[in-house]
Amino acid sequence: MSEIANSIFSPATAARFDHLVTLYPVKRSALVPMLLYAQDEVGYVSDAVVTEIAQRLDLMELDVRNVLSYYSMLRTKPAGKYNVQVCTNISCMLRGGYEILDHCKHKLGIGHKEVTADGTFSLEEVECIGACCWAPAMQVNYDFHDNLTTVKVDEIIETYRAGKGKDVK
Amino acid sequence: MPTLVSHPDEVKVISRRFGQGAADIDKYLELDGYKAVQKAIAQGENMAAWIIDTMKASGLRGRGGAGFPTGMKWSFVPKQSEKPKYVLVNGDESEPGTCKDHVIFLHDPHAVIEGTMIAGLAIGAKMGFIYLRGEYRYLLKIVEKAVADAYARGFLGKNIFGSGLDFDIVTQTGAGAYEVGEESALMESLEGKRGVPRIKPPFPAVVGLYGGPTVINNAETIASAPHILLMGGEAYAKIGSERNGGTRLFGISGHVERPGVYELPMGYNLKKAIYDVAGGIKDGKKLKAVVPGGSSCPVLLPEEIDVGLDFDQMGKAGTMLGSGGIVVLDETVSIVEFALRTIAFYQHESCGWCIPCREGTDWIKKTLTRVYNGGGSKKDVANVQYLAENMMGRTFCPLGDAAAMPTLGFVKKFRKEFEDYIEGHKAGTPIITVEQLVGAH
Ligand SMILES: Cc1cc2nc3c(=O)[nH]c(=O)nc-3n(C[C@H](O)[C@H](O)[C@H](O)COP(=O)(O)O)c2cc1C
Ligand code: SF4
Ligand code: FES
């Protein structure tokens with residue numbers, strides 16, 4: 001049973017949060033993971049998410065917002081169902097990262113931090129994602145795709161569009 | 001999914017289990033898994049001293065960047081402490097060019113768990129945290145499962161391996177911030193705060209997580225510990241070079257034929273690593289430059305790469321071994337563009353706490369952007385150098401230096417290229433806007 005009577009989260013997520021706070025010597029330590037898991041479920045960190053997480057951790061909403069604004073993976077607006085994140089940092093840049101990003105922009109018809117009209121895809125240019133030796137690389141949600149070519153990108157995007165992509169959340 | 005590479009010159013200590021399914025606990029056990037921690041426990045009362053002595057004898061130096069001797073770091077933790085002690089594994093891995101911890105978490109997560117236990121036994125901690133960067137969620141799942149399996153076998157939790165000692169491990173991820181890799185910022189983040197660094201002293205070994213003494217090590221450092229205890233400190237030290245024990249995972253990326261993560265003995269020749277191990281420059285092109293240890297390390301020219309890959313030799317060569325991420329640039333790369341992309345990263349990731357870093361990275365980025373877009377003057381090169389020189393050593397944490405050092409390397413070693421670029425560039429030629437370059441946020 002969740003300690004919050006009318007949680008905005010699914011029973012599974014609420015239970016996960018109840019458990020999470022017990023793991024650490026200080027409840028607040030669960031904050032960053034909770035924000036991420038909440039975002040995975042709700043799609044973004046909404047005001048309601050901030051309110052409930054603050055309540056669960058005995059924090060002020062301001063404390064939560066303060067942390068929320070620091071981390072680049074946390075967002076306060078919805079992204080697409082599939083968030084395409086293309087790395088253009090040095091190792092990827094050397095192996096065509098910018099071409100991959102441009103290709104995604106054309107293919108999806110959106111720019112950095114934009115969402116397609118149907119809400120299926122969003123696009124982001126991101127800093128190094130730790131796949132430098134398999135560059136160029138991108139992540140779709142939490143799923144890595146590496147050694148990219150424009151042809152491979154097309155296939156990957158079509159797979160997601162068809163709802164067959166691996167959805168690692 | 002990252003592809004595994006291999007080369008006959010590799011000496012496989014840490015990577016010994018890669019590609020063998022060792023994420024599965026039974027496979028890990030079959031490949032000597034959890035033997036090292038039991039060997040340590042078998043030392044009885046002498047356990048902590050034995051671990052630390054072995055680690056000292058191994059000559060292992062931290063794989064996170066600074067190369068601090070691990071055995072010494074563990075010995076700094078006070079024996080008596082009113083507050084609980086902790087082990088914190090730094091799996092934040094965010095230095096551009098670096099992806100070696102990625103492979104460890106993927107192929108040998110139990111080695112990180114066992115290493116965490118060993119560090120815990122060495123300092124008298126009952127709890128360890130494994131912190132991965134947020135982007136590594138799929139790896140977190142693998143590590144979480146490994147931790148759960150270890151609990152299910154009774155390896156973690158109460159009375160580990162009949163020692164009478166308890167040890168717990170908690171895993172988590174960050175949410176995207178390079179600065180969180182800095183050890184004190186990492187502690188802040190784990191405590192649920194913004195990832196800004198703490199003033200030192202006090203050092204984490206004395207006042208760390210939740211105010212308790214804390215050992216913070218890179219994931220590769222921690223994963224080395226079980227191998228070292230099994231093979232013996234001296235044997236491990238012998239593999240490497242003087243004052244640089246053992247092997248290291250080097251990520252070779254950029255313009256090479258066979259990019260990948262290779263395990264090479266410390267002191268291995270950088271030129272050989274590029275030409276033999278990674279197959280030489282891609283498509284038969286000429287080498288232009290090498291960024292040898294992740295994006296913060298000063299660049300090397302082709303005539304400077306006949307040097308051993310260890311902390312001391314790289315230091316003598318005027319650069320650093322850093323995180324072991326070797327980035328290779330062929331003749332087609334514009335250093336102006338490369339330098340701009342590098343500083344854009346640090347500008348984006350500066351936590352903004354201190355002015356030399358916040359303003360310095362911003363002004364260098366702005367100046368290089370102008371140069372890149374064709375509006376630069378020769379004075380800009382001197383200005384960039386001036387800005388970078390004024391950041392050095394004047395910031396709370398080493399991110400300021402990490403931004404200034406590569407910048408200085410680029411403008412000093414490629415000054416002529418910057419000047420030729422400025423001269424030869426027809427003003428106003430559109431190439432790429434700063435937003436396109438630096439859009440990531
Ligand atoms: C800006 C910055 C980022 C860092 N990022 C990492 C990182 O991602 N992973 C890491 O292990 N160490 C990183 N470090 C180094 C850590 O502060 C610390 O020195 C290291 O984790 C200690 O482990 P070691 O002794 O095993 O090397 C970073 C340091 C700075 C200044
Ligand atoms: S050097 Fe940069 S990252 Fe480090 S504390 Fe100062 S502003 Fe923050
Ligand atoms: S530079 Fe793109 S993943 Fe590291």
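How far does a backbone N or O atom of B:E93 lie from an oxygen atom of ligand 1, and what else surrounds this ligand? In this predicted model, the distance from the B:E93 backbone atom to the ligand oxygen is 3.0 Å.

**View 1. Backbone atoms of chain B lie beside oxygen atoms of ligand 1.** Besides the backbone atom of B:E93 at 3.0 Å, a polar backbone atom of B:E183 is found 2.9 Å from an oxygen atom of the ligand. For B:R63, the corresponding distance from a polar backbone atom to a ligand oxygen is 3.3 Å. Ligand 1 on its own would expose 610 Å², of which the protein buries 89%.

**View 2. Ligand 1 is surrounded by 19 residues.** The closest of them are B:G64, B:K73, B:N217, B:N218 and B:T221. Sorted by class, the shell comprises seven charged, eight polar and four nonpolar residues. The most is contributed by strand 4 of chain B (residues 214-218), which supplies three residues. The space that ligand 1 takes is the largest pocket.

**View 3. An open sheet in chain A is formed by five strands.** The strands follow the order 2-3-1-4-5, and their pairing is mixed. Strand 2 (114-115) and strand 5 (143-145) each have a single partner strand, so one side of each is left without a neighbour in the sheet.

**View 4. Strand 4 and strand 5 of chain A run antiparallel.** Strands of a sheet pair through backbone hydrogen bonds, in either a parallel or an antiparallel manner. Here, three bridges join strand 4 (residues 138-140) to strand 5. Within this pair, A:M138 stands opposite A:H145 of strand 5.

Methods
Residues numbered from 1 in each chain as written. Chains lettered and ligands numbered in written order. Predicted model: local features only at pLDDT ≥ 70, side-chain atom pairs only at ≥ 80, totals over all residues. Heavy atoms only, no water. Near = heavy atom within 4 Å. Polar contact = N/O pair within 3.5 Å; in protein donor to acceptor, adjacent residues only side chain to side chain. Areas by Shrake-Rupley, 256 points an atom, 1.4 Å probe, with all protein chains shown as cover. 1 Å grid on protein atoms, 1.4 Å probe; cavity = no way out; pocket = protein on both sides within 12 Å on 5 of 7 lines; lining within 4 Å. Sits in = over half its atoms within 2 Å of the grid points. Helix = DSSP H or I, 4+ residues; strand = E, 2+ residues; numbered from the N terminus. Nonpolar A, V, L, I, M, F, W, Y, C, P; charged D, E, K, R; others polar. Pairing = 2+ DSSP bridges.
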